[in-house]
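I opened my notebook today to look up how charged side chains pair up in this protein. Here are my entries, in the order I made them.

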Amino acid sequence: MTHFADLTADVVLPCLDEAAALPWVLEHIPVGWRAIVVDNGSTDGSADIARSLGATVVHEERRGFGAACHAGLLAADAEYVCFCDCDGSLDPGLLPRLVRQVALGQTDLMLGRRRPQGRGAWPAHARAGNLALSRMLRRRTGVRLRDLGPLRAARRADLLALGLTDRRSGYPLEMVVRAADAGLRVAETDVPYRPRTGKSKVTGTWRGTWHAVRDMRAVLRQPPTHAKDTAHAEAAK
């Protein structure tokens, strides 16, 4: 019988110049869980700050949100792996609730649906892009999501078996698409979404949002796949 109070996970935190937000984010990592900060070329000392606060630091030279996320997934070794933005907009202290749903067998991939808290938490252009992608996702897979939230949890083995290949902004969407193709259950639950610390590299501008939407539309154009168990091959990379 699973004792949910004893559940632990590795938390992947893709990071590019988030020195100002890191102390708050790492302070809210659940006790006993491991924070894996994947430094993606920061020049503001983010890696040193993360290391000084007890996080495991992984360096990923290839630029891209997906590259950082996947490097963190490969570095993880816990049964459950979570993802969280490193900008202070999402509280990693909420992750046990997501992991618990996976451990209970209620879903295989649990996402946090962002609920904006305060002005500026979620710019209109970013919200519009997210809505459009959610509708395209439903047409492509039948999965009904209102948000492609970056706060998420799943079993590490399930994620590795998906054979994710996108290393840019399409990575979060590809995870959902391939999970659906593989017959995994995908669900979401509301989580508060705060204004981020510092300037966004992606959704803070129309141009950044457009590039993200372009990457994700490319993912949606891919034909359905039947995910194979590639865990051993991925872990060997």
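Before looking at any pair, I settled my rule: I call it a salt bridge when a side-chain nitrogen of Lys or Arg lies within 4 Å of a carboxyl oxygen of Asp or Glu. I also reminded myself that this is a predicted model.

**Entry 1: R115 and D190.** I started with this pair, whose side chains form a salt bridge at 3.8 Å, N to O. I then checked where the partners sit: R115 is in strand β5 (residues 109-116) and D190 is in strand β7, so the bridge links distant parts of the chain, 75 residues apart.

**Entry 2: the whole protein.** Next I stepped back for an overview. I found 9 helices and 7 strands. Of the 237 residues, 53% are buried. I looked up the contacts as well: among those with a separation of 6 or more, 77% come from residues 24 or more positions apart. The protein exposes about 11200 Å², and carbon and sulfur atoms supply 52% of that area.

**Entry 3: D77 and R34.** How many salt bridges does the structure hold? I noted 13. One of them joins the side chains of D77 and R34, at 3.5 Å from N to O. D77 lies in the loop between α3 (65-75) and β4 (80-83), while R34 belongs to strand β2 (residues 34-39), so this pair ties together parts that are 43 residues apart in sequence. I wrote down that D77 is exposed, with a relative accessible area of 60%, whereas R34 is partly exposed at 25%. Which residues join this pair in a network? I found that D10, R34 and D77 are linked in a network of salt bridges.

**Entry 4: D87 and R196.** Under 20% relative accessible area I call a residue buried, and D87 counts as buried at 7%. R196 is partly exposed, at 22% relative accessibility.

**A thought to keep.** Side chains of opposite charge can pair when their charged atoms come close.

Methods. Residues are numbered from 1 along each chain as its sequence is written. This is a predicted model: local features need pLDDT of at least 70, side-chain atom pairs count only at pLDDT 80 or more; totals for chains, interfaces and linings use all residues. Side-chain values use heavy atoms; hydrogens and water are left out. Helices (H or I, at least four residues) and strands (E, at least two) are DSSP runs, numbered from the N terminus. Buried means under 20% relative accessible area, exposed over 50%, partly exposed in between (1.4 Å probe, protein chains only). Contact means heavy atoms within 4.5 Å. Accessible areas come from the Shrake-Rupley method with a 1.4 Å probe; for residues, only the protein chains shown count as cover.
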